[in-house]
Structures are given as structure tokens and as C-alpha cells.
Amino acid sequence: MNISNHVITDPDESFRDHFSAVNEDGKRNWFYPQKPTGKWHTRRAWFTVGILTLLFATPFIKFNGQPLLLFNVLERKFIIFGIFIGPQDYWLFGLTMLSFMVFIVLFTTIFGRLWCGWACPQTVFMEMVFRKIEYAIEGNATKQKLLNKAPWNTEKIVRKTAKYAAFLIVSFLIANLLLSYVLGVDDLSKIIREPIADHLPLFGGIIAFTAIFYFNFAWLRDQACTVVCPYGRLQGVLMDRNTINVAYDYERGEPRGKIHKNQERTEGDCINCHQCVAVCPTGIDIRNGLQMECVNCTACIDACDNIMDKVGFEKGLIRYTSENAIVKKTNKLITPRVIGAMAMLVLLWSVLGFMVVSRTDTQTMLLRAPGSQYIENSDRSITNLYTFKIFNKTNQTINPTIRLEGVSGKLIFAGKPNLALDPAGMVEGTVFIVVPAEALKKRKTTLTLSVFQGNEKLEEFETTFIAPEK
């Protein structure tokens, strides 16, 4: 039912003085959301299957012999889509993170909390895994309340033990999943296969993360989103009236009123059934407008659509829409703010792409030894003394050689240096560069050198060579 010329009374803003997770006595409100059913929940369930498959499969995917993604903060090694980022490339990591932040701003400005409702691991595991386990073992919201109030009889002990045991097992799996992104599946499998005593610190890490995830999903739950996560608070400054969100169409729904049989309806389409509140995992009333606690899980859309279908009203009283679409019946996704963010993102991605394409596998620093002079040899050649450092910017062993380019001459290393570079390793030493005098036309000559592995050129760099004035 559509009713035009609704008189929208002043909204009751008193809900903003309360935090839905805390009651008037300052104690926690424990939520028992009703089991969501409907079109959007089915879509989210299939999306969850896809995203969990991707999440668990990615650590096993390798590119050029190394993981597709690795975030080894312990050894300061990162691999993003096959690109290794070691200690020498923190600028690349910083630029990637900056691009990611701008992308978050752009995405949130257009789509609001779509990420929270559909892809955030906290929501995915809480609502689509742990909540499902809870429904399966303890029953629906009403049965869960009754079970919690019931005395500790055999049924309650069995159900609670089964639920928390399942929670613990899933938390253990998630801890292993997290470590597979930090250590890689190869190192993680060693911890699993080999004696625990050989990997005591890492095994302790698995236990610690299992405990953290268990605490999060068994007790913290909705408060991870409403109290801990900063993203919800940031969105207040990222979103505007054109942002797409799960929203209640108050123009159509107000004033609210119960439906009465055989009586002409003068109210809006909201029949005040409170089903949208009953299914909300964070306990808010979506009809109060955009709220920080809303994670856009779409449960209220399904609940409202089910009621609208039953009473014969058009679906979509709660839907994905924007404030301008509700009030002005128009929406403009591409705003100056969006254009600005897109321009910045394109610029950052262009710079990032150029840096990645032009990036070399090694980084060499070759400098003339401080205080050293050139040496005139009896064979009419000139020698300069240099110190060098070669950094390996890959996650693989490199056996480099350094060659002069464009000029005859030779390099004589002091001692017998081993130039073999461990993954992300560094080697340093001293080298003499000898060049025939006839090849030097002036006092300062720029020499070009290259680093090779076999016949593959890894890097080219320049240095200054000093000779007698002619």
C-alpha cells in the first residue's frame, strides 16, 4: 500500500541515548535473533559458501612456487597476489595499503556497509557458521531463551556441551586458517606433522588464537562489530545521503499502525510487527534510521518482506536504497566525492602498477670506499676501490654475478666473497674495478654495471669511476 501526503511527525531520537547492547542497569543485553529466512538470506548463504571456499583454498594456491597471499609479520615478509614484498620494499607495502584505504573510502561512499554484511569474516563466521550451529543444537530464539533460563538438567548440559565443543573445534580451524596466511601452509603442516616440542612457540600461537576466536564468537559476538571494530564508526564520515544501505522507507511506512480486519487503513505500510527488530543480530530497530550498529546483514529485509507478503502489501519497505532515493525519489551514485576518490585511486594504482612492473629482483648499493684514491697500474689501467651491498628482493635464493656494461674492464673481489643471497637476504663486501686508461676520457666517468643470475639480467645500476685528469 502506498499512501501519499503522509504527515511525518518529528522522529523520536531517544534511541540515540541508548546502546542497544546495554540495558538501563548497565548490564549486557544478550541478543537472541530469530532465524532469518528469505531471498536475501539464501543469497548470503550461497555467497558464504563461495567466500569460505575461497578463504580456505587460497593458502594452498601457489604462484611461481610461492603462496598467492602471505602476511608473515614475524619475518616481515609479505606476498600479495604473487608479488613478494620484503624489508626493502616497505614503500610498496605502504602504497598498497594506501590504495586499499582509498578503495575502502570509495566503496563505502557508494555501497555503505555492504562489506560488513556479506564479506567481513566476523559477520560471515558469526552469522553463517556459529549462529547456524547454535540454531542446530539449541533451537530457535525462543528455545534458546528457555534453555538458558532452565536449571542445569541433563538436556541443558548435553546441548551446552555440544554447542561449545563445536564452537571450540571451529575456532581451532579458524586459528589454523589464520596461521596459514601468516606462515604458509608448508610451515603450518610441519607444526601439525612434527613433534609439538619442535614448534612450541608456534603451537602456543595456535592455542592462543583458538582461545581468542572462541572468546569472540562464544561471548563477544555482536560487540566485536559495535564496540571493537572501528570501521562502523568511520562510516559516519564516509557515507552521505546517496550511499546505498539497508534502510527503512519511512515515507512509505509511516505512520505505523496495526492492521485491522475490515477497516480502512489510514496508516502507512509498517504494521508495527517488530519482526525487523526480532531478527536483528545487533538488536537495533532499523526504522530509527541509519545506525552505527547496523551491519547490513539483510535479515530485516527478509523479515519485513515475509510480513508484507502475508498482509498483501508490496515488498521492499526495508530494502537496499539511499536516503535521497527515499525522500527525493532520485539517487545519484556518481557524486563529486566519488569522482575525487576514483581519481585518487586510479592515480595510486597507476603508480603502484608502474612500480611493480619496473621493480627489480635485487637492489645493489655500490659506493667508492671512503677516503680511497684511484690507483694507476703498470699495465696502463686504473683501479678504484668500492664497497657493495646486494639485497635480495625475492623469496627465492639468488646467485648473482656483477658485470661491467659498455666498457672493457674487470671486477676483483676482496677475498672470496660468497654472493649467494638467501630469500630476502643481503650480502656485502669490497670490490676493485679495473678499467683500461684509454677507455677513460675524463676525470669522472659514469660506469654502468648489471647484476645477472645466469644469463638473466636482474638489475642495472651506475657508479662513478675516478681517473687522472687528461
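Okay, let's start with strand 11 and strand 14, residues 444–453: five bridges join them, and the two run antiparallel. Thr 401 sits opposite Phe 452 in strand 14. A quick word on terms: strands are DSSP runs of E with at least two residues, helices are runs of H or I with at least four, and both are numbered from the N terminus. Two strands count as paired if DSSP finds at least two bridges between them.

Before I go on, this is a predicted model, so local features need pLDDT of at least 70, side-chain atom pairs count only at pLDDT 80 or more, and totals for chains, interfaces and linings use all residues. Residues are numbered from 1 along each chain as its sequence is written, and side-chain values use heavy atoms, with hydrogens and water left out.

Four bridges hold the antiparallel pair of strand 3 and strand 4, residues 77–80. Look for Leu 70, which stands opposite Ile 79 in strand 4.

The rule is a side-chain nitrogen of Lys or Arg within 4 Å of a carboxyl oxygen of Asp or Glu. How many salt bridges does that rule give? The count comes to 21.

Arg 28 and Asp 222 meet at 3.5 Å, N to O. Arg 28 is in the segment before helix 1 (39–57), while Asp 222 is in the loop between helix 8 (200–220) and helix 9 (223–228), so this pair links distant parts of the chain, 194 residues apart. Are these two buried or exposed? Well, buried means under 20% relative accessible area, exposed means over 50%, and partly exposed is in between, using a 1.4 Å probe and protein chains only. Arg 28 counts as partly exposed because its relative accessibility is 22%, whereas Asp 222, at 9%, counts as buried.

Next up, Arg 319 and Asp 249, with their closest N and O atoms 3.2 Å apart. Arg 319 is in strand 7, residues 318–321, and Asp 249 is in the loop between strand 6 (245–248) and helix 11 (250–253), 70 residues apart. Arg 319 is partly exposed at 25%, and Asp 249 is buried at 5%.

Then there's Arg 252 with Asp 269, at 2.7 Å, N to O. Arg 252 is in helix 11, and Asp 269 is in the loop between helix 11 and helix 12 (275–278), 17 residues apart. Arg 252 counts as buried at 8%, and Asp 269 is buried too, at 0%.

Last stop: which residues are linked in a network of salt bridges? They are Glu 134, Glu 138, Lys 160, Lys 163 and Arg 221.
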